[in-house]
Amino acid sequence: MPVLRDGRAMPAQALVMSEHGPSELVRRALHPKRSVVVAACAGSGKTWLLVSRIVRLLLDGVAPGEILAITFTRHAAQEMAARLREWLEVLAGADESAVRAFLLERAIPEREVDAALVRGRSLHEEVLRAQPTITISTFHSWYLQLLRGAPLSAGAVGNLTLTEQISALLEEAWELFAAASQRDPQSAATRGLDALFLDHGLENTRRLLTNFLQHRADWWAHAGDADGAVERALAAQAAALGVSVDADLTEQLLADRELAAEVQELNAYLARNTPTDRSRAQALAAALAHGDRQLAFAELRAIFLTGKGDLRKLKSSKEQVKRLGLQGERRYLELHARLGQRVADTVAALCDQASLRFNAAGLPAGVALLGHYQQLKRDRQVADFADVEWLAFHLLARSDQAISMQFKLDNRYRHILLDEFQDTNPLQWLALKAWFEAAAQAGSPPLVFLVGDPKQAIYRFRRAEARLFDAARDWLTESHDAIVLAQDESRRCAQPVLDVVNRVFAAQPDYDGFAPHSAHYGALPGRVDVLPLAQKAPSGGGVDSAVIGLRDPLVMPMQQDEDMRREREALSLVEHLREIFAHWEIVDDVRCNRRRAATFADVMILVQRRTHLQVYERALRQAGIPFSTSRQGGLLDTLEASDMIALLGFLVSPFDDLKLAHALRSPIFGCTDEDLLVLARTPGDSWWQRLCGLATQDDSTALARAWKLLALWLERADRLPVHDHLDKIYFEGDIERRYAAAVPEAMRAAVAANLRAFLERALAVDSGRYPSLPRFIDELCDLRDAPLQEAPDEGPVVATDNAIRILTVHGAKGLESPIVWLLDAGAPRPAPRGYDVLLDWPPGAQAPTSFSLRARAAESSRIQRAQVQAERRYDDREDSNLLYVAMTRARQALIVSGCQGTGLARSWYQRVRAAVAAARGENDLDPAAALSYGDSLAAARAAVAMVPSERRPAPEATAVALPPTLVPTGRRHASLATPGQRHGTVFHRVMELLSASPELGAELLAGRLGLTPEQVDPYRHQALSLLQLPELRRYFDSAQYQRAFNELSLALGGGEMLRLDRVVEFEGEVWVLDYKTGRYDAVRGTPLEAEYRAQVADYYRALSKVFTDKPIRGALLFSDGGLVEVTP
């Protein structure tokens, strides 16, 4: 049974770890009696290894309830559970030879295979019946189980609901905070908030305090959540900085009499030196004479420090000796160096003090806002992820009940499996570590299986700490005698792709822990292409203002050259994709025996950020290339979701004319502008009343259909649950099919996915607990205004949809594709914005060693600046990790493109290009040329055109597109279930493919149809025999007709969607052929023949609206070669 990965069935061979038996790594990793740490590269089969470990444990007699497997996403947990279930089914029901092979691949010693086979037969039933059973969960789900089962005194959460949408709660907390500040203007929090608003503005203040809330678990770990936390944190900062909030550092400096005397001496030398020095001496003397020490210090800063704050470096010169004398110059340079250092130290101390004052204002305000936020959640009986992590950590590591909870866990779980450990944060590891240490002290440590890849650590923004992998590895090695294994063999990527990966990261000296990768399937062809950068167009030569004088902005527009770089990159993308789909072949099995033509679904496009994504989407849409974008938080902004919201809004408020007009004009009803004008001219108080009056006069129009459906939906709007009501609307309104007919083919998969996602929202938001439509709509409005990370995402395109996937690199983690295109790879990284939290939490430490708020760079303390430098190193490493993840999504082909711009030297584009040039063994002498490395993926076959006609492009005025005034509704049909229906479907598809490309072999056809070559071969021979019949040749020989169309979609006047098997246009007539399996004699004179003829008559009517100047003729073409003409 195939295992699904990314929604696609993986070949059965992919489940096998080695064609020559288990490797030594597999033998050691699956040993059921040892703790193991595995650092495995991308595509090496980490999930296979982890689930195989579970199977080995079960075969070794471990009770299902003693196994705990933790991962980081629900999708990963579901994939693990599904794979385990499928493998247990294999053990229970597969033939003996298959089970033996399965067991041997999982390192069962051959002498134990017979016994393991017997035990394996009953494992599936044992696991299903086990109470408790195996726990496969995310960290947060498992934490919730612990907290709900904990004593009340230990912080049990009871029936609290886990929420992922905190923005609305945060806004309410801000309102409560503002109200409390008005009531108590003298509180520390209010004074701090006022100071922040005054010095830094509203936006920066909100950003700062919001970031503080995001790090609330780190704050609690550092300072605690009891009274006095702010005071303790500020005291620790003051001690580390060596300053106090109230000290006047400038006064202390200038009050030093010895320093004041030396300043006067230095000023005398300045007065005799260069003109600039004499001017500064005069200003300093005036400030000192007036007793203005702040002004005097400012003058000292100008004398000793540069604009960037660096100490000025003076050197001896002959001219200066002439002005000051030899001894005078020596004394002057000595005073300048010593006094300059004193001033520089004072400036640094002032920055330290500014940072301390900023924290003295920000921390009380942040803690006050946090208090209101936490109280709101308690009142609503909800908790967020940070709450769950903190409560679980406190329960297992710090509470009075920690020992008893650890004892319970130790009695329950004996085998712990941790997946993707590089994504762990400190609290998660410390909670587990506290349990493991307690178990070890009790003499019963659990066995731990830890797997991850620090090179794929890309979630620092979620507080993940990649350094914990090494810390946990070292700790498990010492305390649990764990085996440490490394796997650098990829079962995903072709070797040419890995060659470039190796060169990119081996050339990076600070990328520690990287070892060269190798491909398990060495024969798999692959390539890497780096396209030329999209260049900025040369200046258009605007009018020179120096020639004609100043520009009058009222009458003369500013001449600016539009930046079209990404539009050019998008055009290059489309052109290369056409080439790929016309010529490339994809290997469809791991042994490289089957090849097939590349399809849209084989391509994954990756971007670092979504900033310019619409440019590329627009180019794909205009080219007719189907794609799907799972845009973060973008569902409710799509047109189809807006249409549904307008419809639901009307059902709540039937007299809302605007919402009714929106719904009528949408594909749900397909009313035209003329229909709406008729409705507007009809008498009546509201549009709904007008619609009711019109519909009773004429029941054959789109308006009449809308009235019938809306009346039905209004009647039950207040008595059905929202999801049930929406489900009926989708069915009765034929929503998905109407949208599919109304949008371009390139958008159909994405629109259908969004419609399904919208329906799911009725269940997903707060578990579907809505007493009324108004409540549901209110929630949707709140979600539409929520931050992107909380708003519902666009729907994912299902595996059966043939469309390109467009994802961010973060969104592609865990996915793969035969062809990966990395777009906009030359873009620079965004600069840090400030107004954030800085903390230092060393791996393994029980709490952060420092926690502070940071404003602008000029107000950062020396400690903070050192931390910022460390953060930049971590950011650099994560940026490299992102590139590693992006490159290793590609199974066979990696394509990289970008735009000319600043910061290219450190960009992904330049790093990959340099690696490709090195792999080719040559210098990159022509940056404007494309670079390629690896194998050719082009097929030795004729190109397949990406246009509706075959062999030759259709004329530009192709009239076969759906007329804009016809909005087909479609009809629901039963699924194909009988062998005869399946036979007909395959035959139609084979005829379509071979009529366009007769040279296609059985293997390529099988790849496109999802069948085996043996299953396809009879259909292929049957279709070829038809195509070669002399009496049929004129319909399939491109030299004998003007143009032809396969599987042409048309619409009848009533909105019925038709699909015509083949339309052939000759010079004086147009023929439509309807393929039928079997023989004509078998249906002659039967009702089935009448139905066939009626179908062709429908085709006549539809084609007559398109080909108005030529007669239409039609025929039934049976699979035995019989051609029966049908007259209308």
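Modeller: What follows is a conversation that takes the terms in turn.

Modeller: This is a predicted model, in which local features need pLDDT of at least 70 and side-chain atom pairs count only at pLDDT 80 or more, while totals for chains, interfaces and linings use all residues. Residues are numbered from 1 along each chain as its sequence is written, and side-chain values use heavy atoms, with hydrogens and water left out.

Colleague: How many helices and strands does the protein chain have, and what makes a stretch count as one or the other?

Modeller: The protein chain has 40 helices and 28 strands. Helices are DSSP runs of H or I with at least four residues, strands are runs of E with at least two, and both are numbered from the N terminus.

Colleague: Which residues of α7 are buried, and what makes a residue buried or exposed?

Modeller: Buried means under 20% relative accessible area, exposed means over 50%, and partly exposed lies in between, with a 1.4 Å probe and protein chains only. In α7 the buried residues are Ser167, Leu169, Leu170, Ala173, Trp174, Phe177, Ala180 and Ser181. They cover an arc of only 145° around the axis, which puts them on the same side of α7; the arc is that of the directions from the helix axis to the C-beta atoms. On the other side of α7, Glu175, Gln182 and Arg183 are exposed.

Colleague: What covers the buried residues of α7?

Modeller: The cover includes α8 (188-214), α16 (326-380) and β7 (382-383), where contact means heavy atoms within 4.5 Å.

Colleague: Why is Asn273 called buried?

Modeller: Its relative accessible area is 0%, so Asn273 falls under the 20% limit and counts as buried. Asn273 lies in the loop between α12 (257-271) and α13 (275-289). Not counting residues up to four places away in sequence, Asn273 touches Arg278, Gln320, Arg323, Leu324 and Tyr332.

Colleague: What is the order of the strands in the open sheet, and what makes two strands a pair?

Modeller: Two strands pair if DSSP finds at least two bridges between them. The 6 strands of the open sheet run in the order β5-β4-β8-β9-β3-β10, with parallel pairing. The edge strands are β5 (135-138) and β10 (483-487), since each pairs on one side only.

Colleague: Why is the contact between Arg216 and Asp384 called a salt bridge?

Modeller: A salt bridge is a side-chain nitrogen of Lys or Arg within 4 Å of a carboxyl oxygen of Asp or Glu. The side chains of Arg216 and Asp384 meet at 2.3 Å, N to O, so the pair qualifies. The pair links distant parts of the chain, with Arg216 in helix α9 (residues 216-223) and Asp384 in the loop between β7 and α17 (385-398), 168 residues apart. Arg216 counts as buried at 4% relative accessibility, and Asp384 is buried at 2%.

Colleague: What makes Arg129 exposed and Glu125 partly exposed?

Modeller: Arg129 has a relative accessible area of 63%, so it is exposed by the limit of over 50%, whereas Glu125, with 47%, is partly exposed. Arg129 forms a salt bridge with Glu125, the closest N and O atoms being 2.9 Å apart. Being 4 residues apart in helix α5 (residues 113-129), Arg129 and Glu125 are separated by about one helical turn.

Colleague: How many salt bridges does the rule give?

Modeller: The count comes to 61 salt bridges.
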